[in-house]
Amino acid sequence: MLIMAQDKKRIIDCKIVEVTRNIGGSKEAKFVLTASTSGFGAIIIGSYPDEESAMAELEKIYAAFEAGAKVYRVE
């Protein structure tokens, strides 16, 4: 699935998307969504103040994928 990052500066062909704690992140970025691609490591595609917000975005990505979407834009 192609995903546009929250900052609108990257479009990534994602194989794996996961929620990760951002050690040392600012108050607004304690948790991040990372996307893994074949050949590269994890790329941050979104930052969130808490795990619940990050998980909610991950659920939206899953719902879009389940509905057959080929692209998604991180909010």
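Among contacts in the protein (heavy atoms within 4.5 Å) between residues at least 6 apart in sequence, 36% join residues at least 24 apart. The structure is a predicted model, in which local features need pLDDT of at least 70 and side-chain atom pairs count only at pLDDT 80 or more, while totals for chains, interfaces and linings use all residues. Residues are numbered from 1 along each chain as its sequence is written, and side-chain values use heavy atoms, with hydrogens and water left out.

The secondary structure comprises 1 helix and 6 strands, which follow the order β-β-β-β-β-α-β from the N terminus; helices (H or I, at least four residues) and strands (E, at least two) are DSSP runs, numbered from the N terminus. The C-alpha trace spans about 35 × 25 × 20 Å along its principal axes. The radius of gyration, taken over C-alpha atoms, is 12 Å, which agrees with the value near 11 Å that a compact globule of 75 residues would have, the globule rule being 2.2 Å times the number of residues to the power 0.38.

Of the 75 residues, 31% count as buried, that is, under 20% relative accessible area with a 1.4 Å probe and protein chains only. Thr37 counts as buried because its relative accessibility is 14%, and, when residues up to four places away in sequence are not counted, Thr37 touches Ile12, Asp13 and Lys15.

Notes. Buried means under 20% relative accessible area, exposed over 50%, partly exposed in between (1.4 Å probe, protein chains only).
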